[in-house]
Amino acid sequence: MRMKIRTHLIVLICLGLACFMNPRLVAQTLDDPLELIVLAKPRKPAEPYKKQYDFHKDWDYFTYNIPIWDIALSSYKGRPDLSYLEIGVLEGRSAVWMLENVLTHPTSKLTAIDLFVEVNRVSGEDIKQRFISNVKVAEAEGRTTLIVGYSQVELRKFPSIPLISYISMDHTSLPTFWRMPY
Ligand SMILES: C[S@@+](CC[C@H](N)C(=O)[O-])C[C@H]1O[C@@H](n2cnc3c(N)ncnc32)[C@H](O)[C@@H]1O
């Protein structure tokens, strides 16, 4: 059990840190052990989304990662019963991309955890509502569980860690490690 948790943690920490590091990423397929793969360069696609979402123009912490995620997660796309956890969803830029591109099977699920605190004078409640309406536009409200709270508290209630996890609450390594409840 501890080994399994450790493996999941390595995958999710690497996904999180890859946002600001370089085009290399440690990825794990469902069947193979961890392997280091060289991926695409970060670049913001001209049209990152298939639908129209309500995103703040200055809060893009994600779309330049799309070429990397596209390759790293290609073997997961469309699989049934996928479970994806995202800690720190904000308005849902990365979560919605996952819904449109990876969690496309009707049995796949998104679990989102966020504190929803005020950012640049936009209230936490407004950000939460924007996340909820973006998930609705993605037509995934029935497959999404939203948990409002501190991840370090909420994660302790999980019976197991979902297969794919993205820690996006802080893009530096120390707080990410320190906030882990294990
Ligand atoms: C950089 S933003 C997330 C960006 C998002 N993934 C996206 O694609 O736009 C960081 C988010 O982490 C949340 N957050 C920070 N610390 C947290 C914690 N301890 N538990 C839960 N959420 C947290 C903040 O409320 C904020 O919404």
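Me: In this predicted model, in which sense do strand 3 and strand 4 pair, and over how many bridges?

Reply: Strand pairing is read from the bridges between two strands. Here strand 3 and strand 4 run in the parallel sense and are joined over five bridges.

Me: How does the chain cross from strand 3 to strand 4?

Reply: One follows the path from the first strand over the helix to the second, and its direction gives the handedness. In this case the chain passes through helix 3, and the β-α-β crossover is right-handed.

Me: Which strand pairs with strand 4 over five bridges, besides strand 3?

Reply: Strand 5, residues 144-148, pairs with strand 4 in the parallel sense, over five bridges. Strand 4, helix 4 (residues 124-137) and strand 5 form a right-handed β-α-β unit.

Me: Why is strand 4 described as largely enclosed by the rest of the structure?

Reply: Burial is judged by counting neighbours: a residue is buried if 20 or more other C-beta atoms lie within 10 Å of its own. In strand 4, five of the six residues are buried, so the strand is largely enclosed by the rest of the structure.

Me: How many residues has the largest nonpolar core, and which elements supply it?

Reply: A core is read as a set of buried nonpolar residues joined to one another. The largest one has 31 residues, and Tyr-84, Met-98, Leu-103 and Leu-110 are among those with the most contacts inside it. Elements supplying at least two residues each include helix 2, strand 3 and strand 6. Helix 3 gives the most, with five residues. Leu-103 touches Leu-82, Tyr-84, Met-98, Ser-108 and Leu-110, leaving aside residues up to four places away in sequence.

Me: What surrounds the ligand?

Reply: One looks at which residues form the shell, and then at their classes. The ligand is surrounded by 20 residues, the closest being Gly-88, Arg-93, Ser-94, Ser-168 and Met-169. Helix 3, strand 4 and helix 5 each supply at least two residues of this shell. By class, the shell has 11 nonpolar, five polar and four charged residues.

Conventions: Residues numbered from 1 in each chain as written. Predicted model: local features only at pLDDT ≥ 70, side-chain atom pairs only at ≥ 80, totals over all residues. Near = placed C-beta within 6 Å. Helix = DSSP H or I, 4+ residues; strand = E, 2+ residues; numbered from the N terminus. Nonpolar A, V, L, I, M, F, W, Y, C, P; charged D, E, K, R; others polar. Pairing = 2+ DSSP bridges. Core = buried A, V, L, I, M, F, W, Y, C linked by C-beta atoms within 7 Å. Buried ≥ 20, exposed ≤ 12 C-beta atoms within 10 Å, placed from the backbone. Contact = placed C-beta atoms within 7 Å.
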